[in-house]
Amino acid sequence: MDHHATPPGAATAAGTGRYPAGPLDALDAADAAFRLLAAGPQPLAVHASQLAEGLPDRPVPLDELRVLLLHPATSARARNRVWAGLVRCARTGDPAWVIGLTGIAMPGLRRAVASLTGTYRGDPADLQAEVLTGFLAALRGLDLDDLEEIPLASRLCWAAWRAGQALACADADYAGRRRSLSVWRDGPELPWGHPDFVLAAAVRRGILTKEQAELIGRNRLEGVPLSQIAAEQNVSHGTLCNRRKRAEKAIADAIRDGFSANS
């Protein structure tokens, strides 16, 4: 596999990235391939500081990068810049970078599958495959000129969940169990369309501040614990709970008054 034509910030890698032999489900296979690419003397890596300030000034293997991105010390801005760099790598068409980005997203993809498993009675392998397909389709649909303005982790993982949900909705027994899907997103019900679009529209209309929208997006959509966000911002957990409560009330009230992303 040729890794010489990679975007700035990306280090080259050895290996083919082939899936190991065995009847693995889609996410298991992708995770196994990711681990192979991140292992060895020349792992798939990015020069982290070239993507975002404050990150290590060296090539960081992607398995280490995944841990780094989940650490409270990594800011949301830095995290999104790294995601943007990885998206650009993946969109070059190099399968290794597609696997790499999928591996970085694996915690969110696993959470999407887990949130749907209790209500889906079909083959679990089909659910994994559909979630992965939704993630990859959303990746292909991103505008590369607008990546820094999009909360990429939540956008892509939400698309993955929506694909899995569509499969679950096709299950004949699904309708009576729909309420249990609230485990994925227990915030105020947002109007139709992608939640990121709704949050962005709410900021444009002055309903939410940018900071409030980011708080809802990271906690409710990306699943980042409030305790982690509180530590990052050096505020108490209770203070952050109150901020989220006020923000969610503001957007819930606006929705009741007819606000939508298309209004």
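User: Hi! What should I know about the model before we start?
Analyst: It is predicted, so local features need pLDDT of at least 70 and side-chain atom pairs count only at pLDDT 80 or more, while totals for chains, interfaces and linings use all residues. Residues are numbered from 1 along each chain as its sequence is written, and side-chain values use heavy atoms, with hydrogens and water left out.

User: Which residues of H1 and H5 make the contact?
Analyst: From H1 come Ala30, Ala33, Phe34 and Leu37, and from H5 come Ala96, Ile99, Gly100, Thr102, Gly103 and Ile104. Contact means heavy atoms within 4.5 Å. By class, there are seven nonpolar, three polar and no charged residues. Asp, Glu, Lys and Arg count as charged, Ala, Val, Leu, Ile, Met, Phe, Trp, Tyr, Cys and Pro as nonpolar, and the others, Gly among them, as polar.

User: And how does H3 pack with H5?
Analyst: H3 (residues 62-70) packs on H5 at about 35°, with the axes 9 Å apart. Leu62, Leu65, Arg66 and Leu69 of H3 meet Trp97, Gly100, Gly103 and Ile104 of H5. That contact has five nonpolar, two polar and one charged.

User: New topic: how much space lies in the largest pocket?
Analyst: About 910 Å³. A volume is the space filled by probe spheres set on grid points, joined across faces, edges and corners. On a 1 Å grid over the protein atoms alone, using a 1.4 Å probe, a pocket is an open set with protein on both sides within 12 Å along at least five of seven lines, and lining residues have an atom within 4 Å of a point.

User: Which residues are closest to its centre?
Analyst: Of the 26 lining residues, Glu148, Glu149, Pro151, Lys210 and Glu214 are the closest to the centre of the largest pocket. Its lining divides into 11 nonpolar, two polar and 13 charged.

Key: Helix = DSSP H or I, 4+ residues; strand = E, 2+ residues; numbered from the N terminus. Axes fitted to C-alpha atoms, helices over the stretch in contact; angles between N-to-C directions.
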